[in-house]
Amino acid sequence: MIHVLLLQLPVPRLNYGVQTGNIPLGAGCLKLAAGMIPQVQVDILPESIASYLGDAALIDILTARKPDIVGFTVYCWNLQRSLFFAKKLKESYSPRIIFGGPEITADNSLLDSDRLDFLVYGEGEAVFRHLLQDQKFWQKQRAAQPAGAIFKNSPSPYIQDLLEPEIENMVLLETQRGCPYRCGYCYYNKSHKGVSFADEALLLRGIQWAIDHEVRELYLLDPSLNVRPGLKNLLKKISVMNKERRLAIISEIRAEAIDAQLADLFAAAGFCWFEIGLQSTNPRALQIMNRPTHIERFAQGATLLKKRGIVPAIDLIVGLPGDDLQGFSRSVEFVLENNLQDDVQVFPLSVLPGTDFRLRSKELGLRFEKSPPYTLVENPSFCADDMLMAFDHAEARLDVVLYPMPDLDVSWKLGRKNTAANAPDIAVKIGNQRYAAKVQLNDNRPVSELKSLAKRLTQPYQIFIHPGFSDSDAVKTAIEVLSAANPFTPFEIVFLEPRQLPHTPSILFAAKLQRPHFLDQDLRYLFPREGNRAVLFTLVSRDTRRRFNRDMQRQVFWWKKNRLPQIKDLAELSGLDGIMIDTAGSDIELSKWQDRFAGRAEDIPFISFADVLLQRRWLMLTMPDDYVRQALNWVQD
Ligand code: SF4
């Protein structure tokens, strides 16, 4: 029997328990494609495990299971971590390693690794079947083969119970593969020659399954839903199935293709949100990126959706070749003039492998980061300062925060008995094991104990340094040991009323993180200096003077009074980054306070509770769509 394990690693985050969107749909399709091949067992590492564990804990799971073949779905956000896992697995017991997914392209030099046995370009199903049935096929080392009828005739992996819709409360459904357009920054059109469409009856079965299972959202993974033949008939059928609108449907579309009839049909079928790429209104930029756009028709189409209560979420790109700061500002004004600013997303240009822009990067003068997500540094008409100014301008004009600080969660105790002096680590239960999410440093911890702790950390994790513990060497040792085993796992250090202001550069020096980390590149517009964007520092203190606000630093007030804060108190503390409520009150009083203030959470400072259960309740009241309740399954370690 050949054992195959498929996994997909998530986008790195600085908040534990947030939704990651890391749904292993590709793995589900591969398992279906492997179907009844004799003597082959294909497993998928569940999202609930893959998304929330640190490097060492995940590698331990993989090496304990010892699959013969490990297949990674690779995106720009998990490429380097996947390569690290491949190295560790090869060192441990040398399984065969397959890499597939959008990041696997012939021009991606980061894939030049002798640890990878096979690279799959584009769709994976047909190649995967070959690899499982033909030993000689492995000698090719790389291949591209269209999935063809396998894709068209496959049911949704959810129907076969291969995925966990409850994690995100969402179902993903592919209605087509490929794209008829040829945008210069996009790889999608290249991974698939032409466009193929999933069978309508199977699609409708998938949608009915989502309705029957009371899933809240359905994401139709189409880059341009408008090109599907028979779309209007399909929408009419969906509107009958979803007549009570229990399922909220979201997708992507070209706005110019929308007329009043199509907009009516989308609304009747239960669509509530469309991602719509505008990217730019600059004619020269649109021409260079090969994305002809009729600007007036774009505005009309997006407005037709909006009038029917469907949010048109407009995407803009900063740093396009042929564009400049003025051109970008005009694109922002176009969005405002047409009242389309409800949900604008602004991205820096990523010069992705496999795209025309990557191929023509020298000719176009694109200078970009060599590691994912390959963010543009500058081009001949957009210097590095202009890039920064474009984000500032967009934030000011659109009244949005494009790079928010991570959510505030500095909860560190479970129950009221724990004090800072005796608090044990706080863990979560994932797959019947306990994994430490909140590590306490209130005394010297032996290196052997830290090493064993390092093997069972979540992603991300927090380290709490308690009052009175001022052995900076011991702190650095702990950080070094934990991060050395988890070089790709971001973490937060929380200093609870330290005697002196923490010296963060020396702590960063001790951290053995991969540099540059994906977050160093991804959050380059949050703070200017790379090298520390995967480590967040939070000072919790009763001192109201602002003392800790440099890059990746925030300062939170420790509310220990024997009463709960009122509006006046919250206003007085609004100059800080938040308030940690750690007061002796009954759970009933605290819950009442939460119920009273949850509706005003956006107008008061960020709040965290010291108790993890109260914090979970607060998160579920104020950000129920952002956090995964099952992941916040707190236990004492
Ligand atoms: S950006 Fe969208 S429309 Fe353009 S090629 Fe890619 S998938 Fe197609």
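Colleague: How many bridges join strand S20 to strand S21?

Modeller: Please keep in mind that this is a predicted model. Six bridges join strand S20, residues 491-496, to strand S21, residues 535-541, and the two run parallel.

Colleague: Which residue in S21 stands opposite phenylalanine 495?

Modeller: Leucine 539 in S21 stands opposite phenylalanine 495.

Colleague: And which helix packs on the sheet, touching S20?

Modeller: Helix H18, residues 472-484, does so, and besides S20 it touches strand S18 (433-441) and strand S19 (457-465). The direction of H18 makes about 180° with that of S19. Helix H22, residues 587-598, also packs on the sheet, touching strand S23 (579-581) and S24, and its direction makes about 160° with that of S24.

Colleague: In what order do the strands of that sheet come?

Modeller: The order is S24-S23-S22-S21-S20-S19-S18-S17-S25, which makes nine strands in an open sheet with mixed pairing. At the edges stand S24 (607-609) and S25 (634-636); each has a single partner strand, so one side of each has no neighbour in the sheet. From one strand to the next, the twist averages 30°.

Colleague: Let us turn to S13. Why is strand S13 largely enclosed by the rest of the structure?

Modeller: Strand S13 covers residues 311-318, and seven of its eight residues are buried, so the rest of the structure largely encloses it.

Colleague: Which strands are joined to S13 by bridges?

Modeller: Strand S12, residues 271-279, is joined to S13 by six bridges, and these two run parallel. Tryptophan 273 stands opposite valine 311 in that pairing. Strand S14, residues 345-348, is joined to S13 by four bridges, again running parallel. There, valine 318 stands opposite proline 348.

Colleague: Through which helix does the chain cross from S13 to S14?

Modeller: The chain goes through helix H13, residues 325-337, and this β-α-β crossover is right-handed.

Colleague: Now the loop residue. Where is aspartate 222 found?

Modeller: Aspartate 222 is in the loop between strand S10 (217-220) and helix H9 (231-241).

Colleague: Is aspartate 222 buried or exposed?

Modeller: Aspartate 222 counts as buried, because its relative accessibility is 0%, and the cut-off for buried is under 20%.

Colleague: What is aspartate 222 in contact with, leaving aside its neighbours within four places in sequence?

Modeller: The contacts of aspartate 222 are then Thr175, Gln176, Ser251 and Glu252.

Colleague: How far apart are aspartate 222 and arginine 96?

Modeller: Aspartate 222 and arginine 96 are 126 residues apart in sequence and 32 Å apart in space, taken C-alpha to C-alpha.

Key:
Residues are numbered from 1 along each chain as its sequence is written. This is a predicted model: local features need pLDDT of at least 70, side-chain atom pairs count only at pLDDT 80 or more; totals for chains, interfaces and linings use all residues. Side-chain values use heavy atoms; hydrogens and water are left out. Buried means under 20% relative accessible area, exposed over 50%, partly exposed in between (1.4 Å probe, protein chains only). Two strands pair if DSSP finds at least two bridges between them. A crossover is right-handed if, with the strands pointing away from the viewer, the path from the first strand over the helix to the second runs clockwise. Contact means heavy atoms within 4.5 Å. Axes are lines fitted to C-alpha atoms, for helices over the stretch in contact, and angles run from 0 to 180 degrees between N-to-C directions.
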